[in-house]
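Dear colleague,

Please find below the structure that I am handing over to you. A short account of the findings follows it.

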Amino acid sequence: MLITGASRGIGAATAILAAQHGYAVAVNYRNSRVAAQEVVAQIREGGGEAVAIQGDVSREKEIVRLFSEVDDRLGRLDCLVNNAGTLERQMPLAGVGYDRLQRMFQTNVLGPVRCCQEAIKRMARSAGGRGGTIVNVSSIASRTGSPFEYVDYAMTKGALDALTIGLSKELAGEDIRVNAVRPAFIHTEIHAAGGEPGRIDRLKERIPLKRGGRAEEVAEAILWLASGKSSYSTGIFLDVAGGA
Ligand SMILES: NC(=O)c1ccc[n+]([C@@H]2O[C@H](COP(=O)([O-])OP(=O)(O)OC[C@H]3O[C@@H](n4cnc5c(N)ncnc54)[C@H](OP(=O)(O)O)[C@@H]3O)[C@@H](O)[C@H]2O)c1
């Protein structure tokens, strides 16, 4: 299993759970080498198999290199988790610059699309592959639009949802299932990137379950979609958002 952005947060929790389920895991990261190596060390201490592989998913050449390293170091690819994602400081869309829009779409949309293409080359039955699964980490922002916080981010997650639907239908005959999780209010460092580390505390009374979620709770949903346990589901969305 290749998990993009697995040095911390939801990706790291998914890597650890996946290893417990018996997957050999590629822990991709962009900058956080030490954190990624700690995830790998934790997996190996538990008797699992993992490697850390650097690669910025907003750069096409790095995606190509990332997949070729997965080939070399893990062999077969059964599952891709498109988890790496980013957001920037909260502000109304009117003030969002063009550079930021480009950064957002490169990481959150073009990166996952190119990763899907590389995964298809390796998994598709028609290319000699054994089939597989793709899980996209979207957000409930795709249906709320995240007004006054990050409409640009929400737009990228809307694009990821459309990718999930379209690709699931294109790849059903290739034995590749494509699904998505849509988390919200998960305790990770991403909220600090938006300029409000305490965002979940501010909003938690409005969440039906009255609390933020844990990365491990999202990882459980990702693992279900990645595994044969979800064998009759493709093109679906699992919201992990406390009822929001
Ligand atoms: N937390 C939430 O409440 C929430 C809600 C909805 C959706 N999500 C989605 O869940 C996913 C994971 O978020 P998180 O909350 O776990 O975030 P996080 O704690 O900020 O972790 C983000 C991870 O993505 C990696 N990353 C960022 N840009 C990258 C790039 N260009 N190439 C490769 N890796 C990159 C980071 O690696 P480095 O450390 O090396 O930069 C890090 O491992 C994202 O897609 C996010 O949109 C999160």
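This is a predicted model: local features need pLDDT of at least 70, side-chain atom pairs count only at pLDDT 80 or more; totals for chains, interfaces and linings use all residues.

Residues are numbered from 1 along each chain as its sequence is written.

Helices (H or I, at least four residues) and strands (E, at least two) are DSSP runs, numbered from the N terminus. Seven strands make up an open sheet with parallel pairing, in the order β3-β2-β1-β4-β5-β6-β7; two strands pair if DSSP finds at least two bridges between them. At the edges stand β3 (49-54) and β7 (237-240), each of which pairs on one side only. Strands β4 (residues 79-82) and β5 (residues 132-137) run parallel and are joined by four bridges, with Val81 opposite Val135 in β5.

Helix α9 (residues 215-226) packs on the sheet and touches β4, β5, β6 (176-183) and β7; contact requires C-beta atoms, placed from the backbone, within 7 Å. The direction of α9 makes about 165 degrees with that of β6. Axes are lines fitted to C-alpha atoms, for helices over the stretch in contact, and angles run from 0 to 180 degrees between N-to-C directions.

The ligand is surrounded by 30 residues, the closest being Gly5, Gly9, Ser32, Gly85 and Thr188; a residue is near if its C-beta atom, placed from the backbone, lies within 6 Å. Two or more residues of this shell come from each of α1 (9-20) and β2 (24-29), and α1 gives the most, with three.

Yours sincerely

How values were computed:
Two residues are in contact if their C-beta atoms, placed from the backbone, lie within 7 Å.
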